[in-house]
Amino acid sequence: MTTIVLKDVTKSFKDHPIINGVNLTIEGNACTALVGPSGCGKSTLLRLICGLEEPTTGEIYVDGSCVNRLPPVARGIAMVFQSYALYPHMTVFDNMAFALKIAGCSKTDIARRVQHAAKTLKVDHLLDRTPKQLSGGQRQRVAIGRAIVRHPKAFLFDEPLSNLDAALRLQMRYELARLKAELNTTMVYVTHDQGEAMTLADTIVIMREGAIEQQGTPLELYRSPKNLFVASFIGSPTMNFLHAIIVAWQDDQHLNIRLRSGETLVVQVPYEALKWKESLLEEGSELTVGIRPENLTEASSRRKQAGTHLKGRVSLVENLGHEAYVYVSLPVGEHVKVRLTGNCNYAIGRDISLFLRSEDCHIFDSNGEAMRGLKEIPLC
Amino acid sequence: MNSTALVLRRGLRRLAFYCFCVMIASLCLFPFYWAVVSSFKGGTEIFATDLIPRCLTWQNYFTIFQDTTFGYAFVNSVIVSFSTVSIALLVATLASFALARIPFRGRKRVLCAILSVTMFPQVAILSGMFELIRVLDLYNQRSALILSYMTMTVPFTTWTLTSFMREVPKELEEAAIIDGAGSFTILTKIFFPIVSPALVTTGLLAFIAAWNEFLFALTFTLTDKARTVPVAIAMLSGASQHELPWGNIMAASVLVTLPLVALVMIFQRRIISGLTAGAIKG
Ligand SMILES: Nc1ncnc2c1ncn2[C@@H]1O[C@H](COP(=O)(O)OP(=O)(O)OP(=O)(O)O)[C@@H](O)[C@H]1O
Ligand SMILES: [Mg+2]
């Protein structure tokens, strides 16, 4: 049960600020995923935690004690590198035993622990091979095994699956989930793949330009993204964004807005909570409406549904068999993606009418901030 | 009809190619062939210009071994070369690890200095070196040669090893740091094995350089006590003052090349093997 706390951590490389004041609590016995665009400082943050880099300012606490001055090995944190970083001249056994040998464990102890880790990772038949005789997935397992044998307080994974092909990645993702349940330790997991983050993580931390944008459970982030950036990052395919303007406040809970295509809809927005940025709430102010592809449906021609209809033309279809992603261009020059299931025969150029419910819409003000707080959306 | 012409043309072209190869090879190999063949020629036969000798004899080789000078020189050469290479590799490994991996001020300048030192011609440092050796009282001793060979081999091996050490992925070092290894363990357990093929190659080159070195060996030695093979060969004299014993010289030259050939044979497997296969990615 190891909790890692980062307090006002910053990191600069030669006056280039890379990490800008990160405050983060990584809960024990849970998996925290760090996601964000390339170059936002995810790897740097991991390296700060495990001690390969020193923070410029701020403190890092492991289990309540400050580890800023401790060398990596004394922090008891293991890291699995994206590139595996196996020692090429050593056998799998020696690779896994290296840390234990340095720590001065007895021979029998080392053999027992390596065997155990190898069994857990199903590489016990490969112990005599060298890394170059292994497949990518096997190398990945050995790299994880090297971390496991030390019984570390926490594991840091830096994009562990990004070198694997799609099928293997899914399999390893499943095995990591199994491992996570088995080891029951603190894990920090950096990934580009939001699917990995959604499935493996208990908490997702979204980073941008060295700062944390939002932190929450996968469902929280999916349901209530704090801003446009988070909204566009979580979910696959990504959320659709439509321009809109404020028509009028119906009351202090409901807002009348008009899409560019002319449709109007009424969305629930708590006026009181947003009062402090009044200027953005005036009539005529710009808004962005976000709607996920899976929340759009094709309007039924027979049954009249209450809500907003978007009319457009099919411009591209990605048919996956059980579902199809249909790209629809709206007459005003905007595009939306729709996930449609069932009869997936959509001819390009065909007119289509889409139905959206105002409850499913995410509303962002002109600064890109979400206009509903986390609590407004029920989690069920 | 057409196809036979095609086959014929292709055959001709291949023939021309092989002729070309043979020509180049013979041009390159002729001096070596001539040395070997001459070493087996006796008496006046050596001045004959036939490409293929009429009769061969071991006489030259017997003569060399009857003369104790050559045996001495051989032992000297072995001691000097091996010491030079071992000390140079030890120094170079430590230095190149620091130069490649430990950031410190002036690292680039040190590297540049090392590179420029390797460019100096030997003659330029000859007199300075001589003074140094006189001051250290090493004249006509093997250690004088070892010391002076160090000035050529250490910069060269350091420079080459530094570029090999740089190639070792940073993640390996970091993985070792996380595993708890200190700088010295990282060097001996990670870097040393990984760059060992490079170590063998540079070591071999340094050995050849030291083994064949002539100028320093001639200048810093006086007697058979410290003389190495190249000098000893040059000093071989014939029956009269005006006779150069070409046969003996050739035989000695061939003999001293054999250790080099043997070393290359022994180590060639290590030279070829890859540096970091399997360390990262595919
Ligand atoms: N040692 C260093 N010296 C200077 N700049 C660095 C150093 N390490 C990282 N950076 C810079 O810090 C920024 C963040 O790098 P980092 O590796 O943390 O990104 P990342 O989020 O892991 O990206 P990716 O997803 O591509 O791995 C980059 O702009 C990078 O250029
Ligand atoms: Mg990274």
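Colleague: What area is buried between domain 1 of chain A and domain 2 of chain A?

Modeller: About 600 Å² is buried between domain 1 of chain A and domain 2 of chain A, and carbon and sulfur atoms give 49% of it. Buried area here is the accessible area (1.4 Å probe) that two parts lose on being put together, summed over both. Please note that this is a predicted model, in which local features need pLDDT of at least 70 and side-chain atom pairs count only at pLDDT 80 or more, while totals for chains, interfaces and linings use all residues. Residues are numbered from 1 along each chain as its sequence is written, chains are lettered from A and ligands numbered from 1 in the order in which they are written, and side-chain values use heavy atoms, with hydrogens and water left out.

Colleague: Where do the two domains of chain A run, and how many Å apart are their C-alpha centres?

Modeller: Domain 1 of chain A covers 4-226 and domain 2 covers 240-376; such bounds come from an automatic or database domain assignment. Their C-alpha centres lie 39 Å apart. In the contact (heavy atoms within 4.5 Å), 7 residues of domain 1 of chain A meet 8 residues of domain 2 of chain A.

Colleague: Let us turn to the ligand. Which residues are around ligand 1?

Modeller: The residues around ligand 1, with a heavy atom within 4 Å of it, include Phe13(A), Ile18(A), Lys42(A), Glu159(A) and His192(A). An oxygen atom of ligand 1 is 2.5 Å from an N or O atom in the side chain of Thr44(A). Backbone atoms take part too: a polar one of Gly39(A) is 2.8 Å from an oxygen atom of ligand 1, and a polar one of Cys40(A) is 3.2 Å from an oxygen atom of the ligand.

Colleague: And between the chains, how many residues of chain B are in contact with chain A?

Modeller: There are 22 residues of chain B in contact with 26 residues of chain A. The two chains bury about 2,000 Å² between them, with 66% given by carbon and sulfur atoms.

Colleague: How many salt bridges does the rule find across the interface of chain B and chain A?

Modeller: It finds 2 salt bridges. One of the salt bridges joins Glu174(B) to Arg47(A), with the closest N and O atoms 2.7 Å apart. The interface of chain B and chain A also has 7 residue pairs in polar contact, both at pLDDT 80 or more. Helix 7 (170-178) and helix 8 (183-194) of chain B are the elements that give two or more residues to the side of chain B that touches chain A, and helix 7 gives the most, with 7 residues.

Colleague: What about chain B itself; which domains does the assignment give?

Modeller: The assignment gives domain 1 (15-57) and domain 2 (69-276) of chain B, with 32 Å separating their centres, taken over C-alpha atoms. The two domains of chain B bury about 430 Å² between them, 86% of it on carbon and sulfur atoms. Across their interface the rule finds 0 salt bridges and 0 residue pairs in polar contact, counted with both at pLDDT 80 or more.

How values were computed. A polar contact is a pair of N or O atoms within 3.5 Å; within protein, one must be able to donate a hydrogen and the other to accept it, and residues adjacent in sequence count only if both atoms are side-chain atoms. A salt bridge is a side-chain nitrogen of Lys or Arg within 4 Å of a carboxyl oxygen of Asp or Glu. Helices (H or I, at least four residues) and strands (E, at least two) are DSSP runs, numbered from the N terminus.
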